[in-house]
Structures are given as structure tokens and as C-alpha cells.
Amino acid sequence: MSVEIIEVGPRDGLQNHPRFVATFDKIELVRRAVAAGSRRVEVTSFVHPAKVPNLADAEQVVAGLGDSGVDSIGVIMNARGLDRAIAAGVAEVNVVVLASDTFGQRNQGMTTAEAVAEARRLLPRAHDAGLRASVTVGATFGCPFEGETPLSRVLHIVEDVLAAGPDEVALADTIGVAVPEQVERVFTAVRAVTDAPLRCHFHNTRNLGSANVLAAVGAGATAVDASVGGLGGCPFAPNATGNVATEDVVYALHRSGYPTTMSLDAAIDNARWLGGVLGEQVPGLLSRAGGF
Ligand code: ZN
């Protein structure tokens, strides 16, 4: 079965970048991701523009995607974000729940319990509005402020949000501390409590991003978040670094016998294009090394 690559570059890749990327370049990034084989793309986040100025053009980005064929995903944290996402016309919302109280309060002003309760209010509203709705459990593999995240805590969060019927549950290594053994253990445990499709989200902070993706897919994840060129980072996590690079992940999956709908050549071309837009060498390796 094909592994789905969800491009998160327009959102996670650019939200913390030192410079604001023009709206038309963000739209082009989404179009290029679709052309490379990603159907679902996390196109923006509906958060307060004062908190994440790089994504202040959320509505304009979605409006510019009219005929692109993308299934656009907007990240939300609260009811205001959901209202904006519905009005903008995204196909799907992704509700974030942080598995750590300290991180949750810094990221979105909510404890884990408050974020779970909010997710349980938001998901039915999103579904009523005809949107797909998924949940990302952030800091699943560790927190910059509280250290290790107990697996029992992750399982409780997943069980609590399942009551709201998410279309998919994502487990996110927001700060890039996971290792493959842990990834396999956590995904296997979560797989045992739900039939919902599982998605993984890794940052390559400690150079284990692609290895963690392979471990997650081996343990049942059917969708993988990745960012063109390996850009990215959370504004509220100290020393945050990039997501796993789309082109690196496509290479790792294809060479490991997992088909995707992606073209490696097009993914590499997109990474080089984005590096040109930003005027910098992107962190991903395949745009330098090429395929094999
Ligand atoms: Zn992330």
C-alpha cells in the first residue's frame, strides 16, 4: 500500500523562518507540492498573526489555491481558528494538542486537558461544516520543558480525542528528540487502541528524521508529514530545527520498498526552487546528493 506524503512546508516549514515569504511564493510552493505528488498539503495555520507573523496571510494563501487540485489543511488551536478555516474554505483542519502542560501553555495558552477538551468541541463542528478533521498530538516523544513524555499520557490523550471521531491521528516529535526504537514502541501502542489512520510528524533536529519515519511506517503509520527542503521549526520550542525533508523521506521510503505517489525528481526540484526563493542552501540532503 502506498504511503501518503503530506507536505507541511507552507505551514511548518515557513512559520519560523527569519523572513516573510511572499504569498505568491507560498501558493507556488503548494502548487509544486501537488505537482510532485502530494494531494494533501498543510497550507497554513489559523493562529493570531501577532504570534506567527509569517502566516498572517492565511486567508490569501487559501484563496489563491482555487484550481490547484489540492486538499488543503489548515492548522487550528481554537474556535476562532476553526471559524477562520471554515470561512477560508480549507478541506481539512488539524487540531493541535500538546502532550505537555508547559509546552501547551507556551504554544497555545492551554494545558493538555484544556486542549483535549477544545479538540472535542472543535472536531464535531468541523465535521458539521463538511470538513475533514484530524488531531496532532505534539511533543509525543519528548518536551523541551518537561523532558520525557510518558507513553501512558500519550495513550490517554489519544483515547480522549478518539471520542470526537478524528479522521486521522498524528503523533508529532515537535522538537526532534525521538529515536526509532521509541517510535516503533509508541506507534505500536497507539495502533493497539485505535483503528483511526495514523500519521507521523518528525523534525530532523538530531539527524534521525528519516529513520524515525521508516520506524513509524513499519509500525503502522500510513501518512507522513514532510517539508520541502527540510525547512521548519516551532516558534515556541527552543532551538527548533527543520522537519524531515520531503525529498529525503521520499528517497528513504522508495528505497525501502514503500511506494508513494511522489516523484523524487520533482521533490528534489522543489527543494532547489525553494532554496532559490529563500536565497539559501536548504537543510535537506537529496537536493545536493541527488537520487541513486
Ligand atoms: Zn513540526
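Residues are called buried when their relative accessible area is under 20%, exposed when it is over 50%, and partly exposed in between (1.4 Å probe, protein chains only). The model described here is predicted, so local features need pLDDT of at least 70 and side-chain atom pairs count only at pLDDT 80 or more, while totals for chains, interfaces and linings use all residues. Numbering starts from 1 along each chain as its sequence is written, and side-chain values use heavy atoms, with hydrogens and water left out.

Helices (H or I, at least four residues) and strands (E, at least two) are DSSP runs, numbered from the N terminus. Strand 2 runs parallel to strand 3 (residues 71–76) over five bridges, pairing being defined by at least two DSSP bridges between two strands. In this pairing, glutamate 42 stands opposite isoleucine 73.

Attention now turns to salt bridges, defined as a side-chain nitrogen of Lys or Arg within 4 Å of a carboxyl oxygen of Asp or Glu. The count comes to 20. One of them joins aspartate 225 to arginine 199 at 2.6 Å, N to O. Because aspartate 225 lies in strand 8 (residues 223–226) and arginine 199 in strand 7 (residues 198–202), this pair ties together parts that are 26 residues apart in sequence. Aspartate 225 is buried at 2% relative accessibility, and arginine 199 is buried at 0%.

Within helix 6 (residues 112–128), glutamate 118 and arginine 121 are three residues apart, about one turn of the helix. Their side chains form a salt bridge of 2.5 Å, N to O. Here glutamate 118 is buried at 10%, whereas arginine 121 is exposed at 51%.
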